[in-house]
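Please prepare a careful report on the model shown below, with attention to its sheets, its chain contact and its charged pairs.

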There are 2 protein chains.
Amino acid sequence: MAKYVYFFDEANKEMKSLLGGKGANLAEMTKIGLPVPPGFTITTEACNKYYENDKVIDPAMIDEIFKNLSKLEKTTGKKFGDSKNPLLVSVRSGAVISMPGMMDTVLNLGMNDNTVEGMANLTNNPRFAYDSYRRFIQMFGDVVLKIPKYKFDTILDSVKESNGFENDIDLTVEHLKQIVQKYKDLIKKEIRDEFPQEPKEQLMMAVKAVFDSWNNSRAIVYRKINGIPHHLGTAVNVQSMIFGNMGNTSGTGVAFTRNPSTGEKKLYGEFLMNAQGEDVVAGIRTPKSIDELKDIMPDVYEEFIEATEKLENHYKDMQDIEFTIENGKLYLLQTRTGKRTAKAAVNIAVDMVEEGLIDKETAIMRVNPEQIDQLLHPTFKEEDLEKATLIAKGLPASPGAASGRVYFTAEDVVRAAKNGEKAILVRLETSPEDIEGMVNAEGILTARGGMTSHAAVVARGMGKCCVAGCGELKVEEHNKLVKVGELVIKEGDFISINGNTGKVYQGIIKTSEVELIGSFGKLIEWADEIRRLGVRANADTPKDSETATKFGAEGIGLCRTEHMFFKDNRILAVRQMIVAKNTEDRKKALDKLLPFQKEDFIGIFEAMGSKPVTIRLLDPPLHEFLPNKDEDIKVLAEEIGLKFNAIKDIVEELKEFNPMLGHRGCRLAITYPEIYEMQVKAITLAAIEVKCKKGIDVKPEIMIPLVGIDKELEIIKKLVDDTVRKILEENNTNLTYKVGTMIEVPRAALTADSIAKHAEFFSFGTNDMTQMTFGFSRDDSGKFIKEYREKSIFEHDPFEKLDQIGVGKLIEIAVELGKKTNPDIKLGICGEHGGNPESIDFFHRAGLNYVSCSPFRVPIARLAAAQASIRNKSR
Amino acid sequence: MAKYVYFFDEANKEMKSLLGGKGANLAEMTKIGLPVPPGFTITTEACNKYYENDKVIDPAMIDEIFKNLSKLEKTTGKKFGDSKNPLLVSVRSGAVISMPGMMDTVLNLGMNDNTVEGMANLTNNPRFAYDSYRRFIQMFGDVVLKIPKYKFDTILDSVKESNGFENDIDLTVEHLKQIVQKYKDLIKKEIRDEFPQEPKEQLMMAVKAVFDSWNNSRAIVYRKINGIPHHLGTAVNVQSMIFGNMGNTSGTGVAFTRNPSTGEKKLYGEFLMNAQGEDVVAGIRTPKSIDELKDIMPDVYEEFIEATEKLENHYKDMQDIEFTIENGKLYLLQTRTGKRTAKAAVNIAVDMVEEGLIDKETAIMRVNPEQIDQLLHPTFKEEDLEKATLIAKGLPASPGAASGRVYFTAEDVVRAAKNGEKAILVRLETSPEDIEGMVNAEGILTARGGMTSHAAVVARGMGKCCVAGCGELKVEEHNKLVKVGELVIKEGDFISINGNTGKVYQGIIKTSEVELIGSFGKLIEWADEIRRLGVRANADTPKDSETATKFGAEGIGLCRTEHMFFKDNRILAVRQMIVAKNTEDRKKALDKLLPFQKEDFIGIFEAMGSKPVTIRLLDPPLHEFLPNKDEDIKVLAEEIGLKFNAIKDIVEELKEFNPMLGHRGCRLAITYPEIYEMQVKAITLAAIEVKCKKGIDVKPEIMIPLVGIDKELEIIKKLVDDTVRKILEENNTNLTYKVGTMIEVPRAALTADSIAKHAEFFSFGTNDMTQMTFGFSRDDSGKFIKEYREKSIFEHDPFEKLDQIGVGKLIEIAVELGKKTNPDIKLGICGEHGGNPESIDFFHRAGLNYVSCSPFRVPIARLAAAQASIRNKSR
């Protein structure tokens, strides 16, 4: 027969899946000789057995529990139900994966009309004894007997009220006795039976209640949300009670072995004398700093310090410890790995390596890559925020903090930036025409749009602070002012926005800049030693490229060229190109763009030096560059010297039913080869210039978007190669460059063997690939995605975390087929998933060469890539 | 060493890939003792060798050619270059797969200043000899020496002109001699050398020219267009010349062993006396019917009849035979399988089986399934067309012929149809709101839109005649008239349209109905005995269902429910449902729709009897059901009793960036389960009613569209099962039904193992799957698809013929994964590819259970499925 119960001295910390986290750690502390109130754990297997057995605890299991109870009586020298020296126990759940507050606990179990008197005599504190009894009945009534808690509260309140008391503390022993009687009467009325006086009966009822609580509705929901399997079951810990509220030599507290907020190596905690655990949390009395215990009880303090050091050394991680002092004797009630801020996590991990406690790999695995996002954006200082005037709150659309003068149009922001001002772009919502304003702004604030609105997506891509959907703002763009309630903020006024919280403040708040130095820098360097995956950045401008380099990007994995087309000095030429009636006119317009494009690339090449720069040729459909509204069309018609109707017709003609699935990407180059030709010319000329003038060994990689058919790439690669060759011949020089393709259309993945014939590299465009594989667009899925999350159809948003079984399978197919044709093909990914740690783990396993993500996520990706290497070592 | 030359008596018809079609057949005819002018064939391998050898014919090969030439001299008793009895030969290309007119031919080779005199003496016809010489020099100059043909024409014309002649026939021997001299002078000037007089030199130059012609640009283009591999090479046939123009006992002609237009078993052909082959084709003289040869040369006629019978019996197929009579002697110059109309193909195939010439499988393989489309639609009779007044020409968007009164709105068509009138719906372009009009019309005529416009796609689906994009029409819908040039056609006037040709006629023309009877019926029945694939139809109405049954559909593979929503007595309820503010209001509107939907299904169930009916629940996004224009919104607002702005807001809110990738399909049922619930209720109630009242064992199969995630199907299957169960319980009855899903989203295919857990059948929706796999929408790809075809990026339109390597791979993955989970899963396909023969072959190989196509393509699919079984027998 299986063993269903373990006394604390029979187990250890490795038995977590059998005993739950709490039980395993209690056993471990017992094992290493720390003062733990004795007790035993009923296993998770027992819980599962209970469910298999139609919620009946079988007699053999009961027998095993009672045997351990006898052992507990022997160990403590107390007896269950004894009127002299009664044993009281706590009965607590203890799941394998912590589910705080989700399941039930019963304290002071073993009290009855008899033992309460024993307690009163023993402690010489009848009030304490009856208060404990009252609490026990209430807890047992609520948790075990399922009597609504408010019914007990009503009794308590009525006694207090009839006596004119405000606080429980005012109740005397007599009041408490009266309440106990009323509680017992309530129970009798509710369950048509007496409150159980037999402690063993109480115990078995409580164990059953804890088992049952595993499947209460809030626990089920919690597990669903957190992805915890339902079959794990809960363990039950039965432990002898220790009272911190037995008088002035008793007390209770919580401590972290290091500072959980900074990571500083110094015990950090609080305690209260003559109190129970819940009093520390409740906040009615102000707890004291743990240091003060030294003065109150020096020996206990010493013993506690030693215990915490022993625990940290033993667990080799920062511990979060609960302790209780009963009549001058220290007991440890719980230890677990302490939660911590990103900053603390990094500092503790690095310190522990330097202390020789853990190795570098362990340190790297200790830091959650998502969490360090906090460390990578400018922030406001807490103390400054306290003084600041909060005026509104929107969605935290893109992390960071920014402070500056308000401007309402992209042009105004650009002008302000040129004058050296820091600007915040405030708009109802943004559109692609605002790109240059967004680039030049410190931060972006919109009144409309959600977490996936244009402003949010673009800002996150730029690593720029953004607060979106701030509905309280009445933005009057034409009047160049914004109203918030009574307040009117005009162009040029200062505001500050916090992209981590969505909060908007009036006036200036100082921001702190980010650098990869100290422990953080060290940790990321260690990650570089370990990771196999390369990390590049998605960057479209010299400025982004510099940020990327600062954060350690090994190249650019995606430089989009379409944003460049929107800059105000070129959009006119772009539009002339689009409305051109023939190839010749189109070429004329493109000729005007050429020098601009060349300058763009020169800036980026200079910023990236000899690191590879992957440039994606034009991708969006042409109608995105044309104005929509009649008044804008009118202006354009005048600028270009065409009739309004001529332009209007072109705008109408270019409209698409499904622009995502329309005339864009490489399809543009099949119909208008001259567009890509111009772009390749610009890349080549820029590369030659930087190479010759600065002696930099530039490495352009030309990337063709939206390829779905091998022949598309074949034709365009030839166009690219011919164009480059011609320019190199004209300039009598040479250049190392690559031509490759995005793999984003499902068909490209499915036919990657043919496509690889014409590609030196593949870069997975997982954004579009996710859209096409699922068959929903990111923009339109907003209408149903909420319900999909609620109904658990998605476990996570597939645009944030790669859908490994669907989209991932396409990637695996493409990798296999691509390598079959070209074993040396370089494989990367440049969708937003490139910055998501779980997805990075997948990309590592899939055998890609690098990931590319937004510059501000580069350190995250470096860390996640190292974790992937460590995690998949054995594979 | 390989053998590069085969004398005709050394080879046979099986050697087509080595000798080309023409050469193999000449050898075969020689073998079976038919009178073929002797000669030899230089193999395709020789041609390839020539190209490998940098376009040099190696000496051993030349030697082999000359040896065969000697044999030819011996056989004919003539000598190359001999002035008494000169051997003249033709040098013709002969590819493995016929490429008519693509490559070069030289006739009369062997003529020179010497042999021309020999010919003159021998034939006693100097004019004939010099005319032949002139033609030879011109042909040789053009084909071999690459001198532009017009230069020879200029000489010929100037001689004619200076003599005042109109026709070549007026030229005398002297004139011809003069022309020969001028031709030779031209050649000397052009190639700076004399015209080659040595026949062997002429021969080798001609052989080389034929080899070269394999890679002339028009041949390359032809091969590309027709998918003929470039590595096949061409053979060269060298054959002794026979002259049909040697006088009145000479002649030439062409004959088919059966009538190529009707299939009638009767020799069908034409001939001309004293003429060369080209004269029959040129049409200057009117050829005589082959029967008349009996009177002119009875012996030759008898011999020819015997030869044609021998050939047909030998080849076991209708032959297309060229013959020449030289001085009373018959020669056969070519035999090949004769091209024929669909009608002839069917009749000949069936007749030949009944004659015991071929077996049923051969008969089935002989008929091109695409071609029989001609036999499946009503047609106009040729004789009636000749009398009809053609008024305009548009695109042949959907085959068939229709005649009726013109109406300009769907409502008017419906009213006319109710009155028993035949109506033609004439519109600028159609939209989903016109569906009921299209259903009730005999045919559809639009002024705008291409082959994939709404009108075209929907009409083809219905098997209804449609002429689209007829730009000459000025349709004035509001005036209820259409102008074509001067002509004005008003509502109620008669027109006739031909969907096979795109032609539009004034007035009534009678149409003939289609039935699967006679040979056609027999052939299709044989196909049923052989095919493994089931064939179902896509049908949305009782009428379509009846057509489908008539054409042999074994069930309905796709019954779309959205068209039902547009019928005028329900669209209002549909719109009320969409604009409903809450679930309750939505349910109220749906309750109004329920009886209509139920009636729809009753009609279809009754039409289909005990055959399975797969009903797809609502698929399109809801905005498709709302009006777009402000005036229509106003009307709706009044009808529903809401404010204009309220409706306008809903219309705006429902707009999508990419409706294809939006809130539609099963996503609607996740957010509004009550919609599918109503549909399932209607299906169940209809099934119960038909089952109980008519005793029909109905077999509904409920199909969920656009599933991409297993959980979607899990949730909706539960909804369906719960709804059905409830109704069955209420009615105290039972019902056999299935629940399955479309596989159209790429992710569904990639995760088919999970999805199969909840599906009793998969039906591949290859239309949407093609769109999502390629990442382009059918509507939008119009802008670039033309260039894609021109640049050979597509070998075929992937919406017509399944893309086997991309989309096909997804299907294979889904079949494998789906069967892994559920080996009994039924697999079908209901995209338009279900009616495409090549795609059907793929579906057979992929292991599907059935294809479903439009009712009018059902016989095509039955035939194609049988061919797939035969073709893949060994697999």
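## Basis of the model

This is a predicted model, in which local features need pLDDT of at least 70 and side-chain atom pairs count only at pLDDT 80 or more, whereas totals for chains, interfaces and linings use all residues. Residues are numbered from 1 along each chain as its sequence is written, chains are lettered from A and ligands numbered from 1 in the order in which they are written, and side-chain values use heavy atoms, with hydrogens and water left out.

## The antiparallel sheet of chain B

In chain B, 5 strands form an open sheet with antiparallel pairing, in the order E1-E2-E5-E3-E4; strands (E, at least two residues) and helices (H or I, at least four) are DSSP runs numbered from the N terminus, and two strands pair if DSSP finds at least two bridges between them. Strand E1 (5–7) and strand E4 (105–109) of chain B stand at the edges with a single partner strand each, so one side of each has no neighbour in the sheet. Neighbouring strands of this sheet are turned by 20° against each other on average, direction ignored, where axes are lines fitted to C-alpha atoms, for helices over the stretch in contact, and angles run from 0 to 180 degrees between N-to-C directions.

Within this sheet, strand E3 (residues 89–95) and strand E5 (residues 234–240) of chain B pair in the antiparallel sense over 7 bridges, and Ala95(B) has Thr234(B) in E5(B) as its bridge partner. Helix H8 (residues 199–213) of chain B lies across strand E2 (39–42), E3, E4 and E5 of chain B and runs at about 150° to E5(B), contact meaning heavy atoms within 4.5 Å.

Strand E16 (residues 443–446) and strand E17 (residues 465–468) of chain B run parallel and are joined by 3 bridges, with Gly443(B) opposite Cys465(B) in E17(B).

## The interface of chains A and B

The contact takes 47 residues from chain B and 47 residues from chain A. Between them the two chains bury about 4,400 Å², 60% of it on carbon and sulfur atoms; buried area is the accessible area (1.4 Å probe) that two parts lose on being put together, summed over both. In chain B, Leu661(B), Arg747(B) and Lys783(B) lose the most area to chain A, together 15% of what that side buries.

## Salt bridges

Across the interface of chain B and chain A the rule finds 2 salt bridges, each a side-chain nitrogen of Lys or Arg within 4 Å of a carboxyl oxygen of Asp or Glu. The side chains of Asp803(B) and Arg747(A) meet in a salt bridge (2.6 Å, N to O). Over all chains the count comes to 132 salt bridges.

The side chains of Asp131(A) and Arg134(A) also meet in a salt bridge (3.3 Å, N to O), and both residues lie in helix H5 (residues 126–143) of chain A, 3 residues apart, about one turn of the helix.
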